[in-house]
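Please study the sequence and the model before reading the solutions.

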Amino acid sequence: MDRRDCAIVNFRNYLKIKSVHPEPDYDGCVNFLKKVADEYGFQTTVFRLDDKRPVLIISVEGSQPDLPSILLNSHMDVVPVFEEEWKYDPFGAEMDSNGDIYARGAQDMKCVTIAQLEALKNIKSSGVGMKRTVHMTILPDEEIGSDLGMAKFVHTETFKNLNVGFDIDEGSIMDNDDYIIFNNERCKWSIRIHCPGQSGHGSLLWDNTAGEKLRVVIDHFMDFRSKEALKQKKHTYFLGDVTTVNLTSLQGGIQNNILPPEIVVGFDLRIAADVDHKEIENWINDVCKKAGEGVYPEYIQKDPQVPVTVLEGNVYWHAMDTTFKNLGMKYIRLNCFAASDARFVRGVGIPAIGFSPFNNSSVRLHDHNEYLNKDIFLKGISIYEKLIPNVANA
C-alpha cells in the first residue's frame, strides 16, 4: 500500500471510532492514534486530565530542542448526529465513487489530526530537518466548551514542559479557492436566565408570573440579536465581527393548567472580539432587572477576553505567510466565528493561529452528511509537509 492509500485508510479508520458526545470513546481514539504514531517512530505520551479525559501528545524532536516548540493542536471529540438524516452510517466512513468520505468528524476535525500525523511521517522519511521540536496534542471536550479539556491542560506542568512558542490550531474549511486564517476569536458565553414567579391555577390572572418575566427577557435578547444581524447584513460584517445571540433551551412547567414556579431560558452568546465584556454583563443584569423580581442569570460558560495574536513581526506567522505565497495559496484573515481551543493557548500568552489546509469543499461542520473528498484530504497533507518544517525552522 502506498503512502497516499495508507493515509486514507488511517483517516477512515479514525472516523469509525465513536468519539461522539455524550459518551465519546476517547480511549479508542488515543489507542488508535498512539499505535499509528508508534509505528511511525514518534515519541508518544498519554496524559490524563482525569479518569475520562486523556490527552495524547505526539512529539518529533528538533535539532535544537531547547528552542520554543511548535504545537499542532486538534481535538478528538465530535458532535452528536441525527442518523435518519444521513445517507450513510455517520460512523461508517463510507467513500463514494467521487471519493467523498462521509462521517461525523470528516471536517471537524479528525481530518486535521490524521493529515498532520501523515505529514510528519512524510517529513521524517524525506529527511527534511527541523530545528524546533514539534508536538501534536489531541484534546478531549472541545465540542462541549473545553472546561475540562484545554482550559485545564494549559495550566498543567505537562503543558508547560512542552515549551510551546507557537500554536497552529483549529481552522475552518472553505467552499472556494481561499483559505482562512484566524488570529482572534469571539468569546463563548452560555447563559441561563431564571424567571421565578407566582404559581397557581392556570385559569387565573396572577401577577408576577414566570411567563411575563420570560417574555421581557426573550424580547430583549431577540432585539439584541436583530440589531447584530442587521449590522452584519447592512455593513457586510463577517460573522466573527458581530455578537450572536441564540435561544437554545426552555425549561419549566409540569402541566398545562398549572402556572410554573420558574421558567428557565438558555442562550448561546458568541461575543465579538472587540466588545467590552463588562458592558455585556451589565446589559444582561439590566435585562434581568427589567424583567422583574427575582430574575437572575446563571453562567454555564463565561470565557474571558484574551489578547489577539499579533501577526506583524511574528516570525512564525512570517514563515506561514511565506509558505502560503510560495504555494500560491490565497487566504483571508478573520476573527473566528465559533470558539476553539486556541483561546486558552492565547490566554496563557502563546500566539496561536487557526488554520485548516482544506478548501473547495461544501461546508458541513456539525451538519448532516459531513464529508471530505479524498483528494482534498491528500492535498492538505502536502500543504502541511511544506508548512510544518518552515514554521519549525523559523
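**Exercise 1.** Determine the handedness of the crossing of α1 and α3, and describe the contact of α1 with α3 by class.

*Solution.* The crossing of α1 and α3 is right-handed (the near helix is turned clockwise from the far one by less than a right angle). Helices here are DSSP runs of H or I with at least four residues, and strands are runs of E with at least two, numbered from the N terminus. The model is predicted: local features need pLDDT of at least 70, side-chain atom pairs count only at pLDDT 80 or more, and totals for chains, interfaces and linings use all residues. Residues are numbered from 1 along each chain as its sequence is written, and side-chain values use heavy atoms, without hydrogens and water.

Next, the contact (heavy atoms within 4.5 Å) involves R3, C6, A7, N10, F11, Y14 and L15 of α1, and K110, C111, T113, I114, E118, K121 and N122 of α3. By class, this contact has seven nonpolar, three polar and four charged residues.

**Exercise 2.** Into which classes do the residues lining the second largest pocket divide?

*Solution.* The lining includes H21, D51 and D141. Its residues divide into three nonpolar, one polar and seven charged.

**Exercise 3.** How many helices and strands does the chain have, and why does its radius of gyration agree with a compact globule?

*Solution.* The chain has 10 helices and 17 strands. For 394 residues a compact globule would have a radius of gyration near 21 Å, and the chain has 23 Å, which agrees. This radius is taken over C-alpha atoms, and the globule rule is 2.2 Å times the number of residues to the power 0.38.

Methods:
Nonpolar A, V, L, I, M, F, W, Y, C, P; charged D, E, K, R; others polar. 1 Å grid on protein atoms, 1.4 Å probe; cavity = no way out; pocket = protein on both sides within 12 Å on 5 of 7 lines; lining within 4 Å.
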